[in-house]
Amino acid sequence: MDLAGKKIVLGMTGGIACYKVAELTRSLTRAGATVHVVMTRSATQFITPVTMQALSGHPVFSDQWDARIDNNMAHIDLTRGADAIVIAPCSADFMSKLAHGGCDDLLSTLCVARPMTVPLLVAPAMNVEMWQNPATQRNVAQLREDGIAILGPDAGEQACGETGMGRMLEPEQLLEEVIASFQRKLLAGKRVLVTAGPTFEPIDPVRGITNLSSGKMGYAIARAAREAGADVCLVSGPTALQTPYGVHRISVQTAQQMHDVVMSQAAGQDVFIAVAAVADWRVANASEQKLKKNGAGDVPRLEFEQNPDILAAVAQLPARPYCVGFAAESENLLQYGEEKRQKKGIPLLVGNIGHQTFGKDENELVLFDDRGHQRLPRAGKQVLARRLVAEIAGRI
Ligand code: C5P
């Protein structure tokens, strides 16, 4: 559980996005966090404290003079021992208060009274004109300068019927951001390029050759690199996975397209992690039209030609990034792993222990570099991805 043992104060201010914070509260608690909800009076107009109490499993506070806290100092009591304060939704008015240090209710007072070691994350939610208003933008800039993390907002359709910037991030995106805020920024300022998923090599317009890669490991690595502060570009073959929040994804189908996109993105990257299961061969005589059965029972004859080796191509660039490859071998991984690392000319190769990793949520890895090999024991792919990112960060 990504938030096990974390105590989060979840502050809610007035905005229709309050209804989404009910879902966020569930996601935070499911991820292991203890959530204490504090609502402004306006927030209670949008969703009741009863709902938030039921979902968080803890009493909800909104009044500065609430006598339920022994010493009657809710603003102090709630923030001591907190690992983060998240304000969602954060109204334009509340951002203004935060920017100026105003404290005229419980939530604003506890933000000002928080120890500076407690990170404050705010998720703005407001009408597009309110967001674009120069006063709001001044406040956003001030909050950033004060070290407050601004999560979103997103652009799109708004509850008021207008369209534009100001939508609060979706609950699952906010969850990703909260989890990310607890990760060490080991790759801050670095650019990381990742390939993931299978490729699809057409036979004709409706048929093709692919493999069982789900993309889970590559997506987990892209997410872990972003959590570590990197600017991440993910070049992905066809998968059903959601793009990790904050990651720039470029979708491709064939190995050749993946190669071309990777080569166009390679300049200026600090790290290249090739996780994709790239088809070694493509159909040389793919048909422009759908192949038809004929009465005589003839079967099509497919011819193959070699696809470019993307990893080897990047590893040969004069200004190459730090290159990391993957290997899924069914046998002799220790021998083949090191051989593959040398053949590809890369400093780090990651072997999947057992070749049955495709589509699974867990994995076990072995890292090969010029000092030998080292195991990363069995764990969920996201946990392993974070460990791998830490290993890479330690090497660059
Ligand atoms: O040679 P092999 O396919 O076993 O190597 C696997 C590694 O090389 C993986 O990191 C994979 O993403 C990468 N690769 C590639 N382009 C290919 C084939 C593999 O980047 N055409």
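Visitor: How many residues does α10 have, and what does it reach end to end?
Guide: Helix α10, residues 216-227, has 12 residues and reaches 16 Å from its first C-alpha to its last, close to the 16 Å expected at 1.5 Å a residue, the expected span being 1.5 Å times one less than the number of residues. Helices are DSSP runs of H or I with at least four residues, strands are E runs of at least two, and both are numbered from the N terminus. This is a predicted model, in which local features need pLDDT of at least 70, side-chain atom pairs count only at pLDDT 80 or more, and totals for chains, interfaces and linings use all residues. Residues are numbered from 1 along each chain as its sequence is written, and side-chain values use heavy atoms, with hydrogens and water left out.

Visitor: Is α10 mostly covered or exposed?
Guide: Mostly covered, as 10 of its 12 residues are buried (under 20% relative accessible area, with a 1.4 Å probe and protein chains only); among them are M217, Y219 and R223.

Visitor: And what follows α10?
Guide: G229 follows α10, and its phi is positive, near 100°.

Visitor: Switching to the sheet, what is the strand order?
Guide: The sheet is open, with 5 strands in the order β2-β1-β3-β4-β5 and parallel pairing, where two strands pair if DSSP finds at least two bridges between them. β2 (34-39) and β5 (149-150) stand at the edges with a single partner strand each, so one side of each lacks a neighbour in the sheet.

Visitor: Over how many bridges do β1 and β3 pair?
Guide: Strand β1, residues 7-12, and strand β3, residues 84-90, pair in the parallel sense over 4 bridges, and L10 stands opposite V86 in β3.

Key. Buried < 20%, exposed > 50% of the residue type's maximum accessible area, 1.4 Å probe, protein only.
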